[in-house]
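Work through the exercises below with the structure open beside you. Try each task before you read its solution.

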Amino acid sequence: MSEALAQDQALSGASHDDMANVIRALAMDAVQKAASGHPGMPMGMADVATVLFTRFLKYDAAHPEWPDRDRFVLSAGHGSMLLYALLYLTGYPDMDIEQLKNFRQFGARTAGHPEYGHAPGIETTTGPLGQGIGNAVGMALAERLLNQRYGDDIVSHYTYCIAGDGCLMEGLSQEAISFAGHLKLGRLIVLFDDNEISIDGGTNLTLSDDQLARFRASKWHVATVDGHDPEAVALAIENARGVTDQPSMIACRTVIGYGAPNKAGTAATHGAPLGEDEIAGARQELGWPHAPFEVPDAVLESWRAAGMRGRADYDKWMEAAGRLDAASRARLTDPIDAKVGEDIIRAMAGIKTDFAAEGAKLATRQSSQKVLERLMPVVPGLIGGSADLTGSVGTLTKQHGIVKPDDFAGNYIHYGVREHAMGASMNGLALHGGIVPYAGTFLVFSDYCRPSIRLSALMEQRVVYVMTHDSIGLGEDGPTHQPVEQLAALRAMPQLHVMRPADSVECAECWELALLSKDRPTIMTLTRQGLPLLRTTPTDDNLSAKGAYVLIEPEGGRDVTVLATGSEVSLAVNAAKMLEEQGIKAAVVSMPCWELFEAQDEGYQAAVLGTTPRVGVEAAVGFGWDKWLGENGKFIGMRGFGASAPAQELYKHFEITPEAVVAAARDLISN
């Protein structure tokens, strides 16, 4: 036993084995009581977690929101009892023994997989394998960005991530590993639970990778240790912390279900209770004679002491933070406070006036870029980027500097062709605090990062996805790049705002809404093709804020109402003019955000939709439009995939034209 470890144990009053075994026992007991769960990983990684939480992790359980705490991400989220046990043992608020006894039960903070917001100390929602690695990369990147802005006294911490074989099998992991290695994120340490077991059996059923070589090829520092040797684990972590210009991966060779006499080292411990007999045998094997959920006072006291290890660091940080002005300190966690919010509203009012004065025909991706030019100076915490499409998506402005491996002073990130890792990293940036991330790609490639978008929504994180080339209007690139089903698929996702502005003014309004929505991610769907300015009279009111509004209201009442989004609103306006010439009074409703409109009261919805027949027009599939069109409405849009041709030809070919809207309106009225 090392002298340092012996001293730690002498001070704590409990041995390392006891402190690790209590994690194993709580995991066994909670899964058994719930009759479901994953005991194997917590039992296998208990030694590694004990070393990390008692000797290295900078945290204060009494102050879980401390901005300069180390971040701990359990990417292998199925092993959630490892995290819950650690939070209870170290004394985090809202995590008592009753929560562990109610593991996986309705209303408990201890969900089957860790869910952000359920309890302090849960840094992110994990479970979809590999996502935690991407989140950890984003958190480590956030630390470097904020360190550059605030200095070592205010921001200087590590990000630790426990990942399993499944995490490393997911393609997302390679994107994230490559990205982190390129950026030289030396304060990121991944602890790989190398237990060689998957759900179906041994990992050799499907995997022959040399993981050390894989990480080394992406410029990581790598090491391998016996995950049940606390001294070896501690030395490996210490060495990793000494590497400043590379992220580190420590492959911890472990036995899944460690201590189970018959099932240890087998897939049987992965995703099912061990059973009463096996648990009794494990207690004997581990030398743990205590009853289920019983934690000896000496062991709990030692863990609670570990939870207070960081108190001196916390106090020192509080002293340093006290020298910051109140606004700078608050923006460490929320970069858009009341003043910044007012500045955003003021900036957007100004650019709306400018757009109206200029009257230019712009693609909304160009409008968005102009909006960002105004936003960057007033939102210092706004960090942009793109997935190797900077010139196409308009996410880079003259106000940006590039984030580089040795220079984190910039505010624009080149994510490369890594859409999935881009989304996961942006979640990590947002979760860390102090940053509002946005980044762009083509709308069709939202499919490549959809799991990350879903987690943005599930965790209610303010992440802005700039998705351009949003329809057949992109033209010649053809159906592989022309989104038709993506709008409907994204609108189906709860807690996500999908915005499709019709012109430059709506684009500014949608950006304002996206940045002021603290608990919602936003998809900003933007055009490649130019659109005429429709809102020529500026107004201080954000008309897009209610999701839909009447753009044209004919005098003397309506005969028909035309509903449209984005690039098809101008088409609807042209159709209304043609109908007017034929003596038919058509209202035009712009619907930039269905989710916001759905949140309005029935009276407002009824006033906007009217009682006359309705025609909907959107260059996408019609799934979801029935809600707004009613039983007798007609939809003008896509009924299949697109084609390769100039945009104007495609609109004619697929009959998404003013003439088609007029014909549909006349047909509805005549019937």
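The model is predicted.

**Exercise 1. Is the crossing of H22 and H27 left-handed or right-handed? Then describe how the two helices pack.**

Solution. 
- Step 1: Look down on the pair. The crossing of H22 and H27 is right-handed.
- Step 2: Find the two helices. H22 covers residues 568-581 and H27 covers residues 658-670.
- Step 3: Two packed helices are described by the angle between their axes and the distance between the axes.
- Step 4: The angle is about 55°, and the axes are 8 Å apart.
- Step 5: List the contact. H22 brings Leu571, Asn574, Ala575, Met578 and Leu579. H27 brings Pro658, Glu659, Val661, Val662, Ala665 and Arg666.
- Step 6: Sort these residues. Eight are nonpolar, one is polar and two are charged.

**Exercise 2. In what order do the five strands form the open sheet?**

Solution. 
- Step 1: Read across the sheet. The order is S1-S2-S3-S7-S6.
- Step 2: Check the direction. The pairing is parallel.
- Step 3: Find the edges. Strand S1 (71-74) and strand S6 (221-226) each pair on one side only.
- Step 4: Neighbouring strands are turned by 20° against each other on average, direction ignored.

**Exercise 3. Which residues stand opposite each other around S3?**

Solution. 
- Step 1: Start with S2 (residues 159-164). Six bridges join S2 to S3 (residues 188-194), and the two run parallel.
- Step 2: Pick out pairs. Ile162 stands opposite Leu191 of S3. Ala163 has Phe192 in S3 as its bridge partner.
- Step 3: Turn to S7. Six bridges join S3 to S7, again in parallel.
- Step 4: Return to Leu191. Leu191 stands opposite Ile250 in S7.

**Exercise 4. Which way do the residues of S3 point, and are they buried or exposed?**

Solution. 
- Step 1: Recall the rule. In a regular strand the side chains alternate between the two faces of the sheet.
- Step 2: Apply it. Leu188, Val190, Phe192 and Asp194 point one way from S3. Ile189, Leu191 and Asp193 point the other way.
- Step 3: Check the cover. Buried means under 20% relative accessible area. Seven of the seven residues of S3 are buried.
- Step 4: Look for a neighbour. Helix H3 (residues 40-56) lies across S1, S2, S3 and strand S7 (248-253). H3 runs at about 155° to S3.

Key. Residues numbered from 1 in each chain as written. Predicted model: local features only at pLDDT ≥ 70, side-chain atom pairs only at ≥ 80, totals over all residues. Heavy atoms only, no water. Pairing = 2+ DSSP bridges. Helix = DSSP H or I, 4+ residues; strand = E, 2+ residues; numbered from the N terminus. Axes fitted to C-alpha atoms, helices over the stretch in contact; angles between N-to-C directions. Contact = heavy atoms within 4.5 Å. Buried < 20%, exposed > 50% of the residue type's maximum accessible area, 1.4 Å probe, protein only. Left-handed = near helix turned anticlockwise from the far one by under 90°. Nonpolar A, V, L, I, M, F, W, Y, C, P; charged D, E, K, R; others polar.
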